[in-house]
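This report covers salt bridges, a surface patch and a pocket. Please look over the structure first.

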Amino acid sequence: FWGWGAEDDDMYRRIRFQNLHITRPKKDIARYTMIKHKKEQANKDRNKLLKLGKRRYKTDGLVNLKYTLVSKELRPLYTNVTVILEKPKKTTSRGKRETSAAEGYT
């Protein structure tokens, strides 16, 4: 998902497609704070992507993500991995997908 919207719903569905369950510990045991980020423009295709999720979840995602590793920092409770993502462009008139380097994302 490029832009804002539906990536959390898509992740939830991918987990469920694998017959896995999400466990939500009590707040006094575990909690998280969202990483501060700029609000992106809404992805106009988010609803279409969600509807097609079951057909594409095995071939679209980390399995075909193109990126360049910038840094990897091992911390006591997590590993911070910083990458530059290669964002796919829209399909050209000849049916080919062009790519360009995107802004750095963490």
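Is Glu73 buried, partly exposed or exposed? Glu73 counts as partly exposed, because its relative accessibility is 33%. This is a predicted model.

## The Arg75–Glu73 pair

Glu73 has a charged partner. Arg75 forms a salt bridge with Glu73. The closest N and O atoms are 2.7 Å apart. Arg75 is partly exposed too, with a relative accessible area of 39%. Both values fall between the 20% and 50% cut-offs, which means partly exposed for each residue.

## Salt bridges around Asp10

The model has four salt bridges in total. A network of them links Asp10, Arg14, Arg56 and Asp60.

Start with Arg14 and Asp10. Their side chains meet in a salt bridge, with an N to O distance of 2.7 Å. Both residues belong to helix H1, which spans residues 7-17. They are four residues apart, so about one helical turn separates them. Arg14 is buried, and Asp10 is buried as well.

Asp10 also forms a salt bridge with Arg56. Here the closest N and O atoms are 3.1 Å apart. Asp10 lies in helix H1, whereas Arg56 lies in helix H3 (residues 53-56), so the pair ties together parts that are 46 residues apart in sequence.

How accessible are the two partners? Asp10 counts as buried because its relative accessibility is 5%. Arg56 has a relative accessible area of 12%, so Arg56 is buried. The cut-off for buried is under 20%.

## Nonpolar surface patch

One of its members, Tyr67, lies in strand S1. That strand runs over residues 67-74.

## Second largest pocket

The second largest pocket has a volume of about 200 Å³. Its lining consists of Ile22, Thr23, Arg24, Pro25, Ala30, Arg31 and Tyr32.

How does this lining divide by residue class? Four of the residues are nonpolar, one is polar and two are charged.

Definitions and conventions
Residues numbered from 1 in each chain as written. Predicted model: local features only at pLDDT ≥ 70, side-chain atom pairs only at ≥ 80, totals over all residues. Heavy atoms only, no water. Helix = DSSP H or I, 4+ residues; strand = E, 2+ residues; numbered from the N terminus. 1 Å grid on protein atoms, 1.4 Å probe; cavity = no way out; pocket = protein on both sides within 12 Å on 5 of 7 lines; lining within 4 Å. Points joined across faces, edges and corners; volume = space filled by probe spheres on them. Nonpolar A, V, L, I, M, F, W, Y, C, P; charged D, E, K, R; others polar. Buried < 20%, exposed > 50% of the residue type's maximum accessible area, 1.4 Å probe, protein only.
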